[in-house]
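I opened my notebook to follow two protein chains and the place where they meet. Here is the structure I was looking at.

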Amino acid sequence: MQAIRLSAYTLTSALGSGLDAHLAALRQQRGGIVKKRWETVDFDVCIGEVAGLDDVQLRPALQHYDCRNNRLAQLALEQDGFVASVQAAVARHGAGRVGVFLGSSTSGILSSEQAYRQRDAQTGALPPGHRYRETHNAYSVADFVRQFFALSGPACVVSTACSSSAKVFGTAQRMLAAGLIDAAIVGGVDTLCLTTIYGFSSLQLVSPKPCRPFDGERDGISVGEGAAYALLERADLAQPGDILCTGIGESSDAYHMSSPHPQGLGARAAMEQALRMAGLQAADIGYINLHGTATPSNDAAEGAAVLSLFGEQTPCSSTKGHTGHTLGAAGGIEAVFSVLALREGLLPGGVGTQQVDAQLPCNYLLQTLEQPLQHVLSNSFGFGGSNCSLVFSRVDA
Amino acid sequence: MSTVTVYLQGLSVLGPGMPDWSAAQPCLLGQQAHVAAAVVLPPAQALPATERRRVGAAVKLSMAVGLAAVADAAADAAQLPNIFSSTGGDCENCHSLLDVLASDERLISPTRFHNSVHNAPAGYWGIATGCTAASTSLCAYDATFAAGLLECATQALSGAQSCLLVSFDTAYPEPLYAQRPIPYPMGVGMVLSPQASAASKARLQLALTQEPATTMQDVGLEQLRLSIPSARSLPLLQLLASGQPGRVVIDYLDDCRLAIEVAA
């Protein structure tokens with residue numbers, strides 16, 4: 001495939017806002033998951049919460065988009081000079097030639113959850129201030145970001161559960177290859193809400209403790225929230241040291257709505273396709289950022305797929321022990337973790353995992369390692385059997 | 001200006017007064033009065049019985065439209081990468097979850113929860129057809145159709161193989177209906193190929209434009225076009241029904257619309 005260059009990137013999660021906070025947390029193997037009462041949830045739950053969202057004020061012209069998800073969207077945009085990078089790209093290419101493709105699973109549904117509690121006792125009507133289009137609708141976050149930069153190019157939200165913000169790299173790559181755009185803002189934004197906390201609890205997939213990916217004692221996810229963005233452009237002007245997205249693999253399990261294929265066939269197909277598109281062999285990958293949600297069945301399926309394709313040697317870990325599972329934002333956040341790994345030669349040791357599952361003899365890193373990397377693979381798999389693997393590569397000096 | 005060229009291999013529609021493509025054509029061409037009759041959604045027969053019982057209007061609609069487009073293209077559903085585009089996914093299921101979450105007990109059903117993901121109809125499509133190819137589920141508010149068409153066309157070109165588009169919208173019950181009134185469910189299916197073949201029905205050349213969208217002369221059809229996101233496709237469907245070459249502009253986003261040049 002035609003590789004694409006990550007001209008700028010940033011992320012915000014329970015670990016903090018911006019790249020530096022995340023690099024420090026990776027180096028210190030510090031996690032951001034805490035057990036607490038959240039919103040009106042009537043039990044203590046381990047969550048990866050982004051600090052300070054209640055205090056974020058949206059730009060005055062965008063007030064009608066106000067909700068937790070778009071506050072996080074704006075907070076994350078304002079880190080690491082990302083806004084200036086986008087503005088420079090708009091100046092280079094024109095507002096109609098910059099696309100916005102973001103992933104989100106639940107968008108701003110928290111607004112409707114709260115509005116349903118305030119329905120009129122007589123008529124059942126929602127409170128008058130409720131704005132479905134700008135908050136709850138899945139497209140709202142891409143609409144918000146498009147308005148934020150006054151763009152007039154293509155846009156959509158990919159909503160394929162936990163693979164959403166990995167798959168947007170594919171959407172952008174195809175639009176760039178077709179010549180419809182010259183740059184794209186991709187990424188993902190997903191925030192805590194009752195739907196996911198109660199929903200994953202109803203499936204008995206939430207751990208009572210901070211999650212422990214690939215641990216023999218793992219017993220479920222910790223729901224997190226976060227946002228990540230990358231500015232993508234064609235790779236023809238890439239410089240040594242730049243990071244490229246060189247492979248994108250997408251597949252479907254066609255198996256079950258909420259359980260992965262037990263042998264991870266769909267996961268394996270996505271990884272193989274990503275390698276093929278990048279023109280790489282399994283042995284070329286220096287680190288795998290696993291999907292690693294820490295549910296018994298997800299990690300077993302992914303572990304089986306990784307072992308069958310890579311064997312037991314390739315270093316790998318899940319950063320969901322750091323951030324919690326940020327669902328529709330996870331693919332984007334872990335793409336940026338992968339980029340940081342490449343840039344810094346930093347292989348993140350897992351957080352939360354004590355003893356790697358003896359049934360999954362992958363080279364799961366319990367300690368952070370520093371060594372140069374050339375190619376990194378990032379996995380994202382979601383409900384509905386939606387799989388996406390991305391390969392990122394560092395341009396040689 | 002960059003254009004994207006693909007070939008239409010299969011087409012389907014299911015909407016008010018349009019039970020299938022052959023019934024829709026005379027209405028679109030003004031040869032027969034269009035009456036926006038209630039939409040009858042067939043059960044999702046392709047699903048195993050246990051799954052079939054769990055699915056609502058969004059899955060029934062998307063599956064009917066998808067299967068009809070694949071049949072029209074004489075394609076194999078298991079081989080087609082697919083794009084599912086919808087403004088709200090399964091809106092009834094979403095309402096039901098919101099209702100339970102607003103109650104004291106908050107005992108939500110695990111099935112309702114896993115059906116709440118926007119890609120649930122695509123997930124059921126995979127289970128029904130055995131398709132393990134890439135599947136992408138999109139939302140673009142009112143731009144369901146144009147966003148899906150662009151995604152499908154660029155995917156077909158990129159992967160050098162035919163792809164399936166399923167553009168579909170259903171409505172929330174009240175109270176969300178008041179904020180998002182979609183009067184009828186409607187879906188449009190297309191199979192797009194990067195290469196022309198003997199079975200190609202038309203060549204479509206897509207380009208972004210700022211021109212205003214083409215409107216429907218028939219008042220009722222224009223009303224549908226404006227009130228159901230997937231019905232933004234109606235000017236294209238009308239042109240395709242005519243069998244003539246021509247050009248239409250389809251609504252997409254503010255300041256960005258999709259021009260489609262149709263040729264034999």
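Below are my entries, one topic at a time.

**Ground rules.** I am working with a predicted model, where local features need pLDDT of at least 70, side-chain atom pairs count only at pLDDT 80 or more, and totals for chains, interfaces and linings use all residues. Residues are numbered from 1 along each chain as its sequence is written, chains are lettered from A and ligands numbered from 1 in the order in which they are written, and side-chain values use heavy atoms, with hydrogens and water left out.

**Domains on record.** I looked up UniProt, where an unreviewed entry lists "domain: Ketosynthase family 3 (KS3)" for residues 1-394 of chain A. Over that stretch chain A is 32% helix and 22% strand, with the end C-alpha atoms 16 Å apart. For chain B, the annotation from an unreviewed UniProt entry is "domain: Beta-ketoacyl synthase-like N-terminal", covering residues 36-215. There I noted 34% helix, 18% strand and 18 Å between the end C-alpha atoms. I reminded myself that UniProt positions are in the numbering used here, feature names are shortened, and annotations may be inferred rather than shown by experiment. Helices (H or I, at least four residues) and strands (E, at least two) are DSSP runs, numbered from the N terminus.

**Where the chains meet.** How many residues of chain A are in contact with chain B? I found 60, touching 57 residues of chain B, where contact means heavy atoms within 4.5 Å. The area buried between the chains is about 4900 Å², and carbon and sulfur atoms give 62% of this. Buried area is the accessible area (1.4 Å probe) that two parts lose on being put together, summed over both. Tyr116(A), Tyr132(A) and Met257(A) supply 15% of what chain A buries against chain B, more than any other three residues.

I looked at Arg119(A) and Asp99(B), which form a salt bridge with the closest N and O atoms 2.8 Å apart.

**Which element gives most?** Which helix gives the most to the side of chain A that touches chain B? The elements giving two or more residues include helix H4 (109-117), strand E6 (155-158) and helix H8 (194-202) of chain A. H8(A) gives the most, with seven residues.

Two strands pair if DSSP finds at least two bridges between them. Val158(A) has Leu138(B) as its bridge partner in E3(B).

**A sheet in chain A.** Next I traced an open sheet of three strands in the order E3-E4-E8 (chain A), with mixed pairing. Strand E3 (34-36) and strand E8 (223-224) of chain A are at the edges with a single partner strand each, so one side of each has no neighbour in the sheet. Strand E4 (residues 45-48) of chain A pairs with E8(A) in the parallel sense over two bridges, and Ile47(A) has Val223(A) as its bridge partner there.

Most residues other than glycine have a negative phi, and most peptide bonds are trans. Ala254(A) is not a glycine, yet has a positive phi of about 50°. The peptide bond from Glu174(B) to Pro175(B) is cis, with omega near 10°.

Methods: A salt bridge is a side-chain nitrogen of Lys or Arg within 4 Å of a carboxyl oxygen of Asp or Glu.
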